[in-house]
Amino acid sequence: MKNNNSLEKHGLSIKAVNRITNTFIYIFLIVMSIFWLAPFVGIVLESLRVETTGQVNYFWPKEFGFDNYIRLFNSSFPKWFLNTLLMGVVVSVLQTGFILSMSYTLSRLRFKGRKGLMNLMLILGMFPGFLTMILIYKVFADIGLTENMAPLGLIIVYCASSGMGYYVSKGFFDTIPKSLDEAARVDGATRWQVFYKVIMPLAKPIIIYTVLMGFMAPWGDYMLARFLINNNDAGTNVAVGMYKWIKGTGDTLYQNYTMFCAAGVVVSVPVTIVFMSLQKYYVEGVTGGAVKG
């Protein structure tokens, strides 16, 4: 009351103060949005610039056109794109199955060594993946899963240890009452039927979240993919292939810079569509999985 009276004495109502506060907040958010969107707008404009294929010191193109996109789809990019898209789809499906199965098991079942297994996976997850890259390359080279077969090798690597990422999914399953499992078991359902017919329909947010994470992972992987691909064009993903266009500072960069920007726009399309379509469930999955550990 004292604060309200003080404001009224100075000729300001509560509504006026709120209006001023909201105005400053909106201005701040608009400025932040401009800074955040500027790089994306710049990439789109660069992809449409046709007066030169190299980098320039001005923002707005002098001539617009789709020449860079035509060059892009006449290059090896469609093959790289299909390789990455295939990996994204397969990894999202397999990872989702592995992660949800592991998460449900650790959430619902109690067995000897359960906590030790969880602690072991937690410790192993702290080690960066690139520590094993040389060993992975040696093993995969011996069995023929490098170069043109690198996409299959990468799928195996992405999915092999995916069960260790059970943390968020387990937290979500912990929020689902165990009485549902018990009721289904009393009615004669098997563990698989409980998991598939009772729990999965209630776990749509975490399923979507896991699918989305699995789909996005292969699009940005460079280090491990570079090891396994080893300059083979047929097995290249978009990250490794696009880097070839801009590495160095000579003619390669000058000739391919605008095409590189066009590729960046094309690569962002499937990831953006999937993310925007599933954003609602993504948020629900993250917040639901953070309630209990």
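Guide: Happy to! Let's start with helix 8, residues 167-174: 6 of its 8 residues are buried, so this helix is largely enclosed by the rest of the structure. Buried means under 20% relative accessible area, exposed means over 50%, and partly exposed lies in between, using a 1.4 Å probe and protein chains only. Helices are DSSP runs of H or I with at least four residues, numbered from the N terminus. The buried residues of helix 8 are Ser 169, Lys 170, Gly 171, Phe 172, Phe 173 and Asp 174.

A word on the source: this is a predicted model, where local features need pLDDT of at least 70, side-chain atom pairs count only at pLDDT 80 or more, and totals for chains, interfaces and linings use all residues. Residues are numbered from 1 along each chain as its sequence is written, and side-chain values use heavy atoms, with hydrogens and water left out.

The largest pocket has a volume of about 1,000 Å³. Helix 8 is among the elements that give two or more residues to the lining of this pocket, as are helix 6, helix 7 and helix 4 (77-108). A pocket is an open set of points on a 1 Å grid over the protein atoms alone, where a 1.4 Å probe fits, with protein on both sides within 12 Å along at least five of seven lines; lining residues have an atom within 4 Å of a point. Grid points are joined across faces, edges and corners, and the volume is the space filled by probe spheres set on them.
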